[in-house]
Amino acid sequence: AAAAPPPPTLLDRLTALQPTYRQDGCGASAYPFLAATIVFTLVMQCWERYLDWRQHKRIRERGDRVPPELERLVDAMPTTAGESSPAALLAKLKEKAPASRAYALDKSRFKFVSAAYSLAKALAFVLLGAMPYLWDTAEGLGQRYFGEGHEIKVSLIFYGLWEVADTILNLPTALYATFGVEARHGFNKTTPALFATDLLKTLALTAALGGPCLALFIKIVMVAGPRNLAAYVGAFFVLVSTFFVTIYPVVVQPLFNKYEPLEAGSLRAKIEALAARVDYPLYKLFTVDGSKRSSHSNAYMYGFFKSKRIVLFDTLLKQASEEEIVAVLAHELGHWHHGHVLLTFVISQLYIFAAFYFFAGCMGSVDIYNAFGFRAVAGASDTAGAPVIVGVLLFFAFLWEPVDHLLSFLMTWNSRRMEFQADAFGAALGKGAALQRGLVKITFENLGVLDPDPWFSTYHHSHPPLVERLRGIDAKKTR
């Protein structure tokens, strides 16, 4: 009698895992790509929820009081005539601490729920075979209206279905975050009508701007081939990124907010004097009606060359003094002085080049497509007969994800480093004390966490905690 076959190993079972919906003619993958994706997703979920738990526990236990070091740093700030005294700032921090704790705990609880929802969506997406189902649906619509072939047109239909489905699935959490959490703590100013209008504008812009770019991108991938892919796509993204950086503030942003030149007066004169002092070409200085949607405050610098602009939220103008606003802008000018905007742009372009260099090496793998429910034939095309957009999405959504997490952490670390450099630049201009006061005010007005968990903050926060920034500015002031 023939010997019974050995029982399947764990690797065999993992390799055999397939999505429920698969395209006709989809073969079995020789490698457990789908299972590896699920395992990695679960591992990262466990790690990130552990960090969330640490943050939640720390806020619950000590979020309603000012940390001793922060109290000492604020108390040691110099007293300036006409400005908030250290005692007044400290009193406000203590007054706002319980509200800050309540807000942070509310966001933390919601994050646990939204993260569980996102995980369920992600697992359902890959296990049910949503991607091959959407492509077959798009292909059916393409055949009805355009006939056979027309991969680029079908890709645009697929992209549209994907965007609509993603928007609908994300709607419950977006609505609760805006009209639940933010409204409950007095920040939300968005009306349901404005929320709906923003959503429709975003979808329209995605179609109007994203559609043509996607079509051109797919054509470039088809023409380039694996050997030239990284160079061609890299050049394409440099051009597209430069184009969007140029048109975003003048075409896109005004569709959502009202931008007005900062009126003539003492604040504008002080900002212009600061820009002249550091030789910053101040072409455009605007205020934006951020209060239209939220009472959170901010200031930022955006753009390259003559499209550079400094933007102040109207909420910041109400919350901080002129000297503090000028100090915050001295910090922003520190980013310009150290070339942070250009550095970030260059890093993002190098990231795209590296990602597509590796994508070129696996874009023809039949096993990758088969693992996620797609039909593929070796040598049928550079992407094994599968659609270009599918190959790119599978690579970035699943295979590149471990690298993405590592690079994201490194970018977070670099962002914190740049924030310290910008703070030091502001302090070197003699704006250290005013910057400290401004940071304290922005923190308590926005109900920021006063004492975050170190692990959570290091992993997630692009800006250092308040106490670290005040400490760093203090060190520069004493030199």
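Visitor: Why does Leu73 count as buried?
Guide: Buried means under 20% relative accessible area, exposed over 50%, and partly exposed in between, computed with a 1.4 Å probe on protein chains only. Leu73 has a relative accessibility of 2%, so it counts as buried. A word on the model itself: it is predicted, local features need pLDDT of at least 70, side-chain atom pairs count only at pLDDT 80 or more, and totals for chains, interfaces and linings use all residues. Residues are numbered from 1 along each chain as its sequence is written, and side-chain values use heavy atoms, with hydrogens and water left out.

Visitor: Which residues does Leu73 touch, leaving aside those up to four places away in sequence?
Guide: Contact means heavy atoms within 4.5 Å, and Leu73 has such contacts with Val467, Leu470, Arg471 and Asp474. Leu73 and Leu470 are 397 residues apart in sequence, and their C-alpha atoms are 6.9 Å apart in space. Leu73 itself belongs to helix α3, residues 68-75. Helices (H or I, at least four residues) and strands (E, at least two) are DSSP runs numbered from the N terminus; the chain has 16 helices and 4 strands.

Visitor: What share of the chain's contacts with a separation of 6 or more joins residues 24 or more positions apart?
Guide: That share is 77%.

Visitor: What makes Arg437 buried or exposed?
Guide: Its relative accessible area is 3%, so Arg437 is buried. This arginine sits in helix α14. Beyond four places in sequence, Arg437 touches Met77, Thr80, Glu83, Ser84, Leu89, Glu323 and Glu324.

Visitor: How do you know that the length of α8 agrees with its 12 residues?
Guide: The expected span of a helix is 1.5 Å times one less than its number of residues. For α8 that gives 16 Å, and the end C-alpha atoms are 16 Å apart, so the two agree.

Visitor: Which residues of α8 are buried, and what puts them on the same side?
Guide: The buried residues of α8 are Leu267, Arg268, Ile271, Leu274 and Ala275. They cover an arc of only 125° around the axis, which means that they lie on the same side of α8; the arc is that of the directions from the helix axis to the C-beta atoms. The buried residues of α8 pack against several elements, including β2, α10 and α14.

Visitor: What comes just after α8?
Guide: Asp279 follows there with a positive phi of about 60°, although this residue is not a glycine. Its place is the loop between α8 and β2. Asp279 has a relative accessible area of 63%, so it is exposed. Ala384, in the loop between α12 and α13, also has a positive phi, about 55°. With a relative accessible area of 0%, Ala384 is buried.
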